[in-house]
Amino acid sequence: MKNTALLLIDTQVNMFTPDPVYNADGLLDTLQSLLAQARAANAVIVHIQNNGGPGDPDEPQTPGWAIHPRLSPTSDELVIQKETPDAFKDTSLQAKLDALGVDKFVIGGMQTEMCVNATAQRAAALGYKVTLVEDGHSTFDFEGEPATETIAQHNHELAGIMTVSPAKGIQFSG
C-alpha cells in the first residue's frame, strides 16, 4: 500500500554499540522484521538519520552515524537527515510523503522520549494516521528511571492521540 509508510527513526550504529539502548538485540529483530514486511508490501520506507554535532556519537560521516547494517536502506528508500528531534522540522519529509500520497505512518526507532515522541506527535498534529510500534522503539536508562518505564509511559501517553500496537499486529497490506 503506497499510502502507508514505515518510518525508522535514528536506527544508527551508535544506538546499538558500544552502549546500546534497552533491548537492542530484540529491537533490531523487531525492526528488521517490520522492514521486511514493509518491503514485501511495497510500502514507502523512510529512514530518518540524525546528524549530531562535532564529537557526538552520530557526527555525520563517522561510524556511529551510519544506519545499522541490518536495517540498511535500499536505493529506492528515502533517507531524510535531521538535526532536531522532530523529523519534520527543517527537512523535506512532509513534502516527500505528500508527493507519494502517504497518509499513514508506522513508526519505530530511537529514542523514545526524544525523536520518536517528537516525530510521532508532529505527524499526528499534521493529520497523518500514526501507529507507534509498541515494542519497536527504545531508549537508555536515565537518572534512575529505567528505559522500560520511559517506554511504557510514552506508549500510554501517545495512545491518546495515535494507535499503539505491538509489532506482531502491524500489517502493511490488505
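Modeller: Let me begin with a term: a nonpolar core is a set of buried Ala, Val, Leu, Ile, Met, Phe, Trp, Tyr and Cys residues joined through side-chain atoms within 4.5 Å, where buried means under 20% relative accessible area, exposed over 50% and partly exposed in between, with a 1.4 Å probe and protein chains only. This is a predicted model, in which local features need pLDDT of at least 70 and side-chain atom pairs count only at pLDDT 80 or more, while totals for chains, interfaces and linings use all residues. Residues are numbered from 1 along each chain as its sequence is written, and side-chain values use heavy atoms, with hydrogens and water left out.

Colleague: What makes up the largest nonpolar core?

Modeller: The largest nonpolar core has 24 residues, and those with the most contacts inside it are Val-46, Leu-93, Leu-97, Phe-105, Ile-107 and Val-130. Its largest share, 4 residues, comes from H3, helices (H or I, at least four residues) and strands (E, at least two) being DSSP runs numbered from the N terminus. A second, separate core of 23 residues includes Leu-8, Ile-45, Met-110 and Ile-170.

Colleague: Why is Lys-82 called buried?

Modeller: Lys-82 has 1% relative accessibility, and therefore counts as buried, the limit being under 20%. Lys-82 lies in strand S3, residues 78-82, and its side chain reaches the backbone oxygen of Thr-84 at 3.3 Å. Leaving aside neighbours within four places in sequence, Lys-82 is in contact (heavy atoms within 4.5 Å) with residues including Ile-9, Asp-10, Thr-91 and Cys-115.

Colleague: Why is the pair of Phe-88 and Tyr-128 called stacked?

Modeller: Rings of Phe, Tyr and Trp (its six-membered ring) pair if their centres lie within 6.5 Å, and planes under 30 degrees apart count as stacked, over 60 as edge-to-face and the rest as tilted. Phe-88 and Tyr-128 are 6.0 Å apart centre to centre with 25° between the planes, and the pair is stacked. Phe-88 lies in the loop between S3 and helix H2 (93-99) and Tyr-128 in the loop between helix H3 (112-125) and strand S5 (129-138), so the pair ties together parts that are 40 residues apart in sequence. Phe-88 is buried, with a relative accessible area of 5%, and Tyr-128 is buried at 8%.

Colleague: What makes the pair of Phe-140 and Phe-142 edge-to-face?

Modeller: Here the angle is 70° between the planes, with 6.3 Å centre to centre, and the pair is edge-to-face, the limit being over 60 degrees. Phe-142, at 41% relative accessibility, counts as partly exposed, because that value falls between the limits of 20% and 50%.

Colleague: How do you know which strands are the edge strands of the sheet?

Modeller: Two strands pair if DSSP finds at least two bridges between them. The open sheet has 6 strands in the order S3-S2-S1-S4-S5-S6, with parallel pairing, and S3 and strand S6 (163-165) are its edge strands, since each pairs on one side only. S1 and S4 run parallel and are joined by 6 bridges, and in S4 the bridge partner of Ile-9 is Gly-109.

Colleague: What covers the buried residues of H3?

Modeller: The cover includes strand S1 (4-9), S3, strand S4 (104-110), S5 and helix H4 (147-158), and among the buried residues of H3 are Thr-112, Cys-115, Val-116 and Ala-120.

How values were computed: A polar contact is a pair of N or O atoms within 3.5 Å; within protein, one must be able to donate a hydrogen and the other to accept it, and residues adjacent in sequence count only if both atoms are side-chain atoms.
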